[in-house]
Amino acid sequence: MRPLPGLLLPVLLPLWLVAQGGAFLMAQSAQDPAELRQKLADIQGRLNQVDQQLSSLKKRRKGVLVEIQGISLQRDRARAQVEGARLRRDQAQTEVQVIGREQARIQGEVQRLQSDLRRQVRWMQALGPWGDLGLYASFKDLEAWLVRGRMLAWARLQERKQLGQVHRLQGDLAVKEKALKEVLARVAADEKEAAQLQAALRLQEEKLNSFLDGLQKDETAQKQAQAELAEEALQLERLLSGLLGKPKGEAFEATVAFANLRGELPQPVEGTLSQAFGEHLHPRFHTKTMQSGLLIAANGGAPVGAVADGKVAFADYYQSYGPMVILDHGGGWFTLYTHLLGLSVSKGQVLRAGESVGAVGDTVDGPRLGFEIRHQAQPQDPQKWLKRRYR
């Protein structure tokens, strides 16, 4: 029997797929597409927040702190872009795996139909070009011969249907192969973009480190930074004093007075103590500074919880504190959460103890959360209020 033309065409992944790392991609476990899309959306949200901070930074008076924050934000932006490129690459790799599985399924279906057709054609050829017309005399009557003829007609109809299915599936395979080539081209482009963004990130990190190294040797710049920090602290006190002057109807009334929670507050985030409350020698500026709260080293993006019931009195980007949230707990008590990853709550929102205030953001020294407790704008040592102190 002569092979049926076009039916035995093997449809396999292109050899160049292996040359471009396809074998490696196919070996990886597919990631959940919905999860990848959510991560990409989160990255875009981070980029938007960084851009908002950069825009807010332009409105501030130029100085050492503004310059540091600007370079740091550009670094954060580059980091988010690198992460986004990596996720897009993962997304494309997942598409490659999905298309590969579809190709394998379609190829298996084509092979099954081809096998059925071979058996059917061999059976029909065995009967000769006229079916079993030449054998009708062996049947007892004409009715049996007609039944046999109808079976042959049905078999020919099924053959045509199977041939149509094979051609349709081969068309599907061609479409899948084209889609695969397009996705692999996207993978290559994403890899190239990721490499470029990684190089840009290294440049931003080098720029930040170079600026900070120079600052350590520049006494004039150190004194300027110290003056700027002192001015920011004074402005924060004014902000809090303004919040105290709010109309009584806007004040938060707690079920349990905040003053009674001393020594019982939960930690706002899991982490370790980076800088304690009180006067310190600034690690970079080498000047004495007053730490009005705690600086907590934690994982970037770690959830930050409200330590007590309260109302959001302030939620905005604030000078070198970055994204900052102030909760009003009533009776002149406030908690402050600074250096957040972004702003996820809004002014006027009421939070219960443990509910999310935001997430840990980045600083020039790594991921940190600034946490303060204030009464009548005066800072308190948060360690004395926590049930479990930071170490």
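Predicted model: local features only at pLDDT ≥ 70, side-chain atom pairs only at ≥ 80, totals over all residues.
Residues are numbered from 1 along each chain as its sequence is written, and side-chain values use heavy atoms, with hydrogens and water left out.

Aromatic pairs. I took rings of Phe, Tyr and Trp (its six-membered ring) as paired if their centres lie within 6.5 Å, with planes under 30 degrees apart counted as stacked, over 60 as edge-to-face and the rest as tilted. By this rule I have six aromatic pairs. Phe258 and Trp385 are stacked, because their ring centres are 5.3 Å apart and their planes stand at 25°. Phe258 sits in the loop between helix H6 (219–244) and strand E1 (272–275) and Trp385 in the segment after strand E13 (378–380), so the pair ties together parts 127 residues apart in sequence; helices (H or I, at least four residues) and strands (E, at least two) are DSSP runs, numbered from the N terminus. I also found Phe258 buried, with a relative accessible area of 3%, and Phe258, Trp333 and Trp385 forming one aromatic cluster.

Gln69. I located Gln69 in helix H4 (residues 64–126) and found Gln69 buried, at 13% relative accessible area. Leaving out residues up to four places away in sequence, Gln69 touches Gln53, Leu57, Arg60, Gln319, Ser320 and Gly322, contact meaning heavy atoms within 4.5 Å.

Conventions: Buried < 20%, exposed > 50% of the residue type's maximum accessible area, 1.4 Å probe, protein only.
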